[in-house]
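Thanks for coming. Please have a look at the sequence and the structure on the screen before I go on.

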Amino acid sequence: MSKRAIAISAHPDDIELMMAGTLLLLKETGYEIHYMTIANGSCGTAVHTKEQIIEMRGRESRNACDYVGAIYHPPICDDLEIYYDRILVSKVSAVIRQVDPEIVLLQSPQDYMEDHMNSVRIGVTATFCRNMKNFVTDPPTPAVETDVAVYHALPYGLKDQLRNTIHPDFFVDISSVLKTKREMLACHKSQKEWLDHSQGLDSYLITMEEMSAQVGELSGKFNYAEGWRRHSHLGYGPEDFDPLTQALAKYVRVKK
């Protein structure tokens with residue numbers, strides 16, 4: 001059976017913006033890759049009804065997954081309803097137990113948006129209690145004992161909510177998969193209009209490439225990169241268990 005990795009984010013297109021390059025490289029090395037957004041994108045529009053935008057964004061996420069052969073896990077709540085509570089933790093933990101990954105990719109614990117940061121807290125706890133048989137998930141799913149490592153991407157805009165730059169522990173060279181990452185993001189067609197309206201972006205595709213180039217420059221080595229920090233190993237696996245940098249060793253530069 002293939003090793004498995006899952007990326008979990010707050011909203012449709014968050015994975016494509018900050019994580020997809022690394023996820024694609026893991027697939028190239030033989031990992032089965034999984035994709036989940038906790039929220040359904042219900043607020044990502046200035047023109048569509050709630051029902052319309054949920055359907056559109058769900059279809060766009062599935063298209064992105066299908067394009068790269070990822071396994072899709074549906075969202076579980078509306079935008080701006082990602083709260084750190086037992087209900088959402090139990091639902092995400094069920095997914096973690098079903099997938100039984102050794103790599104979990106999450107957003108940055110420091111970010112400009114509460115949905116992003118709350119999705120991290122949910123993902124961290126859902127992974128932590130994967131092996132606790134007395135924690136009942138929704139739906140009920142048997143506990144798993146696999147060692148797992150949790151990694152945090154850089155925040156959107158590369159700064160925290162107080163405008164401080166977040167520096168990664170290591171960089172992953174995504175130059176070889178940038179085109180595919182761009183094509184995944186392009187599946188989210190509804191967001192071109194919304195992001196231009198809400199955040200003044202000329203193009204979400206150009207913005208993604210510019211951020212990837214900025215991280216590449218920070219690496220001092222790569223043209224385009226994604227940056228990562230590894231979560232504490234306590235409760236997840238041995239201290240030296242670092243499957244992401246081991247699997248992608250030829251693409252990784254550790255921060256000096």
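First, the ground rules. This is a predicted model, where local features need pLDDT of at least 70 and side-chain atom pairs count only at pLDDT 80 or more, while totals for chains, interfaces and linings use all residues. Residues are numbered from 1 along each chain as its sequence is written, and side-chain values use heavy atoms, with hydrogens and water left out.

Start with helix 2. Helices here are DSSP runs of H or I with at least four residues, strands are runs of E with at least two, and both are numbered from the N terminus. Helix 2 covers residues 20–28, and seven of its nine residues are buried, so the rest of the structure largely encloses it. Buried means under 20% relative accessible area, exposed means over 50%, and partly exposed is in between, using a 1.4 Å probe and protein chains only. The buried ones are Ala20, Gly21, Thr22, Leu23, Leu24, Leu25 and Leu26. After helix 2 comes glycine 30, with a positive phi near 110°.

Next, the cavities. A cavity is a set of points on a 1 Å grid over the protein atoms alone where a 1.4 Å probe fits but cannot get out, and its lining residues have an atom within 4 Å of a point. Grid points are joined across faces, edges and corners, and the volume is the space filled by probe spheres set on the points.

How many cavities of 30 Å³ or more does the structure hold? There are two.

Among the residues lining it are Val148, Arg230, His231 and Phe241.

Last, the cysteines. A disulfide is a pair of cysteine sulfur atoms within 2.5 Å, and by this rule the count is zero.

Definitions and conventions:
1 Å grid on protein atoms, 1.4 Å probe; cavity = no way out; pocket = protein on both sides within 12 Å on 5 of 7 lines; lining within 4 Å.
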